[in-house]
Amino acid sequence: MIDYMIQNLWLAWLLAGIVCLILEMMNNDFFIMCFAIGSFCASVASLMIDSIVVQVIVFAIFTLLSIFYVRPIALKYLHKGEDQRLSNADALIGREGKVTDTIETGGYGRVKIDGDSWKAKSIDGQEISVGNDVRILRLDSIIVTVERC
């Protein structure tokens, strides 16, 4: 039984690499992919050498090489411009929405942006009536400052 396992250990390495690739698709950080590369290299080594120690060393070496050499290249070319991409509330600035509750003079109202309702105030303190299109200028906590479009 042990001889069978050792002779077909390449399948275990291959399965480990496939599982790592599936996990990488969920994570998209290119870290788990390095373990997949190490597993695939250990699988190839397993076909040539029966020593488990050598296979583990091959796995460790190729995983570390992938972390230090392959991952930075993958991040550089596959995540271009990601550091400039705005997310969450910062992405609201510059967007347009519709007034759903009148923004009172010097007071507040409500604005709908992409299906979300936000408490809003006018930049110049003037009243903006229901149905007007507005542009988001600033975000202070949960209150957006708007101007007419």
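**Exercise 1.** Is the crossing of α2 and α3 left-handed or right-handed? Describe how the two helices pack.

*Solution.* This is a predicted model, in which local features need pLDDT of at least 70, side-chain atom pairs count only at pLDDT 80 or more, and totals for chains, interfaces and linings use all residues. Residues are numbered from 1 along each chain as its sequence is written, and side-chain values use heavy atoms, with hydrogens and water left out.

Step 1. Helices are DSSP runs of H or I with at least four residues, and strands are runs of E with at least two, numbered from the N terminus. Helix α2 covers residues 9-27 and helix α3 residues 32-48.

Step 2. Their axes (lines fitted to C-alpha atoms over the stretch in contact, with angles from 0 to 180 degrees between N-to-C directions) lie 8 Å apart at an angle of about 165°. Therefore α2 and α3 are roughly antiparallel (an angle over 145 degrees).

Step 3. The crossing of α2 and α3 is left-handed: the near helix is turned anticlockwise from the far one by less than a right angle.

**Exercise 2.** Which strands does β5 pair with, and in which sense?

*Solution.* Two strands pair if DSSP finds at least two bridges between them.

Step 1. Strand β3 (residues 116-122) pairs with β5 (residues 143-148) in the parallel sense, over four bridges. Here K119 has I143 as its bridge partner.

Step 2. Strand β4 (residues 133-140) runs antiparallel to β5, joined by six bridges. V134 is partnered by R148 of β5.

Step 3. Two residues lie between the strands in the β4 and β5 hairpin, where S141 takes a positive phi near 60°.

How values were computed: Angles under 35 degrees count as roughly parallel, over 145 as roughly antiparallel, 65 to 115 as roughly perpendicular and the rest as oblique.
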